[in-house]
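Have the viewer open as you read.

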Amino acid sequence: MRSLAALCGILGGLCLVAQYFLDDVDLLRWIGLGLLGVAALCIGLMLVPKAPVWLKAIVGVGVVALSGSVLATLHSEIGVEVVDLVVGCAAVLLFLGLGWRWRRSRPPRVHGSHSK
């Protein structure tokens with residue numbers, strides 16, 4: 001789940017940054033926002049690892065909805081192009097850092113319950 005979140009966050013951010021420099025390609029914006037939505041969903045699911053499935057679904061969808069509403073507010077107040085560029089750059093930096101941190105903090109693999 002961590003790898004999926006990091007990969008979707010980095011690729012989504014890169015799509016938003018590339019869309020800023022390629023003005024006529026609006027498809028990149030939607031792909032980038034979709035990938036960032038998947039990354040937000042994964043982050044939301046990781047917030048409650050031992051919860052029942054229904055609670056995981058509520059938290060995951062809630063994180064995506066909250067992120068989308070904040071992004072929509074910023075789009076209406078500042079402007080779509082500038083917000084997408086800043087969000088894309090922030091997503092790339094954030095998920096690169098999280099991916100590096102998650103990679104270093106992996107627990108050692110246990111090969112069985114009785115192995116020492």
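With which side chain does the side chain of arginine 29 make a polar contact? It's a predicted model, so keep that in mind throughout. The partner is aspartate 84, and the distance of that polar contact between the two side chains is 2.7 Å. If you want to find the pair on screen, look for arginine 29 in helix 2 and aspartate 84 in helix 4.

Is arginine 29 buried or exposed? Arginine 29 counts as buried because its relative accessible area is 11%, and the cut-off for buried is under 20%. Aspartate 84 is buried too, with a relative accessible area of 0%.

Now check who else is around. Leaving out residues up to four places away in sequence, arginine 29 touches Leu16, Gln19, His75, Val80 and Asp84. Do the exercise from the other end, again skipping neighbours within four places, and aspartate 84 is in contact with Leu16, Gln19, Arg29 and His75.

Time to zoom out. The protein chain has 4 helices and 0 strands, and reading along the sequence gives the pattern α-α-α-α. Of its 116 residues, 29% are buried. What share of the contacts between residues at least 6 apart in sequence join residues at least 24 apart? That share is 62%.

Next, the nonpolar side of things. In soluble globular proteins, nonpolar side chains tend to be buried together. In this model, the largest nonpolar core has 15 residues, and Phe95 and Trp102 are the ones with the most contacts inside it. Helix 1 (2-21), helix 2 and helix 4 are the elements that give two or more residues to this core. Zoom in on tryptophan 102 and, setting aside neighbours within four places in sequence, you'll find contacts with Arg2, Ala5, Ala6, Ile43 and Met46.

How much space lies in the largest pocket? The answer is about 500 Å³. Its lining is made up of 19 residues, and Leu36, Ala40, Ser67, Leu71 and Val87 lie nearest the centre of the pocket. Sorted by class, the lining of the largest pocket has 16 nonpolar and 3 polar residues, with no charged ones. Helix 2 (27-47), helix 3 (53-77) and helix 4 (80-104) each supply at least two lining residues. Which helix gives the most to the lining? That's helix 3, with 7 residues.

Let's finish with one of those residues nearest the pocket centre, alanine 40. Alanine 40 lies in helix 2, and it counts as buried because its relative accessibility is 13%. Not counting residues up to four places away in sequence, alanine 40 touches Val63, Val64 and Ser67. Ser67 is also among the residues nearest the centre of the largest pocket.

Definitions and conventions:
Residues numbered from 1 in each chain as written. Predicted model: local features only at pLDDT ≥ 70, side-chain atom pairs only at ≥ 80, totals over all residues. Heavy atoms only, no water. 1 Å grid on protein atoms, 1.4 Å probe; cavity = no way out; pocket = protein on both sides within 12 Å on 5 of 7 lines; lining within 4 Å. Points joined across faces, edges and corners; volume = space filled by probe spheres on them. Nonpolar A, V, L, I, M, F, W, Y, C, P; charged D, E, K, R; others polar. Core = buried A, V, L, I, M, F, W, Y, C linked by side-chain atoms within 4.5 Å. Buried < 20%, exposed > 50% of the residue type's maximum accessible area, 1.4 Å probe, protein only. Contact = heavy atoms within 4.5 Å. Polar contact = N/O pair within 3.5 Å; in protein donor to acceptor, adjacent residues only side chain to side chain.
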